[in-house]
Amino acid sequence: MNEEYTAGLVEQFIQRCRKHGLKVTPQRLAIYRKLLASSEHPSADGVYKKMVQEYPTISFDTVNRTLLTFADIGVIETVESHSGVRRYDTDIAPHHHLHCIVCGDIIDFCDRDLDAVKVPERIAREFTVLGKRVSIRGICRKCAARSAQNREQEPAAHR
Ligand SMILES: [Zn+2]
Ligand SMILES: [Zn+2]
């Protein structure tokens, strides 16, 4: 992520906080920056572990509540997760996800055809649609390579 782009997002973040009457404290800004710096859709725990290195007195609860507030005012998004742990995404532009069921990685990708997928009318009638995202479940390249390696190491008797 280039610096100019990050600066733009931070500026947008500050504007949005002000609009919602949320004070932009150095700590909140630091949490947002930590999110921006990680592309792996971190959980609250992941953000907390990074924050605590800089702010040794910060509590998990503070980080967790801050993330929920950020999601509330729309500066970040929550991401569906298979483990039931809430994960966060700073990319609020339309994009889609690849979920690796082995390591839990969530990889972003863009695709115009998927963006154009229409929400069925009967759903749009009964449900206020705020966004849509295609989530593809599977096994990432790293994990696939690892399991292929494990298979090769199995004793011959199993073959
Ligand atoms: Zn994986
Ligand atoms: Zn994402």
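The following paragraphs lead through the structure from its overall form to its individual parts.

This is a predicted model, in which local features need pLDDT of at least 70 and side-chain atom pairs count only at pLDDT 80 or more, while totals for chains, interfaces and linings use all residues. Residues are numbered from 1 along each chain as its sequence is written, and chains are lettered from A and ligands numbered from 1 in the order in which they are written.

The protein contains 7 helices and 5 strands; these are DSSP runs numbered from the N terminus, helices being H or I with at least four residues and strands E with at least two. Along the sequence they follow the pattern α-α-α-α-β-β-β-β-α-α-β-α. The protein has a radius of gyration of 19 Å, well over the 15 Å that the globule rule gives for 159 residues, so it is more spread out than a compact globule. Here the radius of gyration is taken over C-alpha atoms, and the globule rule is 2.2 Å times the number of residues to the power 0.38. The C-alpha trace spans about 65 × 50 × 30 Å along its principal axes.

Of the 159 residues, 14% are buried. A residue is buried if 20 or more other C-beta atoms lie within 10 Å of its own, exposed if 12 or fewer, and partly exposed in between, with C-beta atoms placed from the backbone. Two residues are in contact if their C-beta atoms, placed in that way, lie within 7 Å. Among contacts with a separation of 6 or more, 51% join residues 24 or more positions apart.

The domain assignment divides the protein into domain 1 (1-92) and domain 2 (93-159), with bounds that come from an automatic or database domain assignment. The centres of the two domains, taken over C-alpha atoms, are separated by 23 Å. The contact between them takes 9 residues from domain 1 and 9 residues from domain 2.

Helix H3 covers residues 44-54, and its residues Val-47, Tyr-48 and Met-51 are buried. Seen down the axis of H3, the buried residues fall within an arc of 100°, so they line one face of the helix; the arc is that of the directions from the helix axis to the C-beta atoms. These buried residues pack against helix H2 (26-37) and helix H4 (60-72).

Tyr-88 lies in strand S2 (residues 87-89). Tyr-88 is buried, with 21 other C-beta atoms within 10 Å. Leaving aside residues up to four places away in sequence, Tyr-88 touches Leu-35, His-41, Pro-42, Leu-67, Ile-76, Thr-78 and Val-79. Its C-alpha atom is separated by 10 Å from that of Ser-38, which is 50 residues apart along the chain.

An open sheet is formed by 3 strands in the order S4-S3-S5, with mixed pairing. S4 and S5 stand at the edges with a single partner strand each, so one side of each is left without a neighbour in the sheet. The twist averages 20° from one strand to the next, where axes are lines fitted to C-alpha atoms, for helices over the stretch in contact, and angles run from 0 to 180 degrees between N-to-C directions. Two strands pair if DSSP finds at least two bridges between them. S3 (residues 96-100) pairs with S4 (residues 106-109) in the antiparallel sense over 4 bridges, and His-97 stands opposite Asp-108 in S4. Their hairpin has 5 residues between the strands, and in this hairpin Gly-104 takes a positive phi near 85°. S3 also pairs with S5 (residues 135-138), in the parallel sense over 4 bridges; there, Leu-98 has Ile-136 in S5 as its bridge partner.
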